[in-house]
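Visitor: I have not looked at this one before. Can you walk me through it?

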Amino acid sequence: MACAVALTALPALFRHRAEGHYRQGPVVSAAPEADPLAAIVLGLAPLVGATAYDLRMRLAGPAPWVVAHTPDAPAAEALVGHLRALGAGAVWCDHTPGAVRDPGPGATVVFDGDTLRVVPQGWAVPFVSVALVVVVTLDVERQVEDIERVVVSNHPRRGRVEVDVSRHNYARQQQRGVYLCTRGGDTVLRLVQASLRAAEVHGVTSRARFDTFVAQLVGLCPDARVDRRFVDAPRKRTSFALSSAVGQAQDAVHSNLAATDLAVRLLARAAAEAQPL
């Protein structure tokens, strides 16, 4: 199964001094010692199979930075070992479907003593087992194109004339989400603001209820690390399109949900393996 390899911290002392590599583009300084990041990027790019420009663009957001994809786990482990030997923080995880569980609409989250329970799924997460709580911003953009057949003329001699008319609807939604990662990274639970139903948690708006829920949750997980790096710097949206019959309609959804899921799983792996963040 394909795996993602990510850097969690850059090697502080790694320097690449091959003069010829400093002519790859405007993003790389001509004086490497004046731009340590450029030197690091130029040194790491060949190792992860990327250009210096591509790697530097990947390092623009908060860690973890996904720098490579491998066909299987042994290749990912070998690359992570090489990066760690250079002094970088590095982790990997596979693209397992369903690795992140989301109860979806209709479920209720209950604080039951020392355990978080999800009803009716029957999921139970003891608070002492939670190692990482990650609060994020989820960003979804949806564009719907409806194509309707419209009669523009019904002349008695010329006949009936019809044309296709497209109507576009655009909507964007940003909402908070929270991930609970257990020790060892075995369980990752995602709870989303819009669908969150928490017993005995009150608020005028869904955002107020969500913030109250997260505050109570953090208070019940005293040993958990709380990470909010993806609140103000959310992961970028990826896109896919779902279409009906050709010539009728198209529904395009752009969401950062998959990218956020992967980033949280990499954070959980980094915390479990004591990698710098």
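Predicted model: local features only at pLDDT ≥ 70, side-chain atom pairs only at ≥ 80, totals over all residues.

Visitor: What is the mean pLDDT of the protein chain?

Guide: The mean is 84, and 86% of the residues reach 70 or more. pLDDT is the predictor's confidence in each residue, from 0 to 100.

Visitor: Which elements have the lowest and highest mean pLDDT?

Guide: Strand β12 (residues 238-243) has the lowest, at 67, and strand β11 (residues 225-228) the highest, at 96. Over residues 13-32 the pLDDT is below 50, yet this stretch has 31 contacts in the model beyond near neighbours in sequence. Contact means heavy atoms within 4.5 Å. Strands (E, at least two residues) and helices (H or I, at least four) are DSSP runs, numbered from the N terminus.

Visitor: On to sheets. What is the strand order in the one with β1?

Guide: The order is β2-β1-β3, in an open sheet of 3 strands with antiparallel pairing. Two strands pair if DSSP finds at least two bridges between them. β2 and β3 (89-94) are the edge strands, each pairing on one side only. Neighbouring strands here are turned by 25° against each other on average, direction ignored. Axes are lines fitted to C-alpha atoms, for helices over the stretch in contact, and angles run from 0 to 180 degrees between N-to-C directions.

Visitor: How many bridges join β1 to β3?

Guide: Strand β1 (residues 3-9) and β3 are joined by 6 bridges and run antiparallel. A6 has V91 of β3 as its bridge partner.

Visitor: Which helices pack on that sheet?

Guide: Helix α3 (residues 73-85) touches β1, β2 and β3, and its direction makes about 170° with that of β3. α6 also packs on the sheet and touches β1, β2 and β3, with about 125° between its direction and that of β3.

Visitor: And which strand order has β6 in it?

Guide: That order is β5-β6-β7, an open sheet of 3 strands with antiparallel pairing. β5 (108-112) and β7 (123-126) stand at the edges with a single partner strand each, so one side of each is left without a neighbour in the sheet. Strand β6 (residues 115-119) and β7 pair over 4 bridges, and T115 stands opposite P126 in β7. Helix α4 (residues 206-220) packs on this sheet, touching β5 and β6, and makes about 35° with the direction of β5.

Visitor: What about β8 and β9, how many bridges there?

Guide: Strand β8 (residues 130-155) and strand β9 (residues 159-182) run antiparallel and are joined by 24 bridges. I147 has S166 in β9 as its bridge partner. A hairpin joins β8 to β9 through 3 residues.

Visitor: Does β8 run parallel or antiparallel to β11?

Guide: Parallel, with 3 bridges between β8 and β11. V134 is paired with D227 in β11.

Visitor: Changing topic: how much space is in the largest pocket?

Guide: About 480 Å³. On a 1 Å grid over the protein atoms alone, a pocket is an open set of points with protein on both sides within 12 Å along at least five of seven lines, whereas a cavity is a set where a 1.4 Å probe fits but cannot get out; lining residues have an atom within 4 Å of a point. Grid points are joined across faces, edges and corners, and a volume is the space filled by probe spheres set on the points.

Visitor: Which residues lie nearest the centre of the pocket?

Guide: R58, V66, R235, K236 and A259, out of 19 lining residues. α2 (52-58), β2 (65-70) and α6 (257-272) are the elements that give two or more residues to the lining.

Notes
Residues numbered from 1 in each chain as written. Heavy atoms only, no water.
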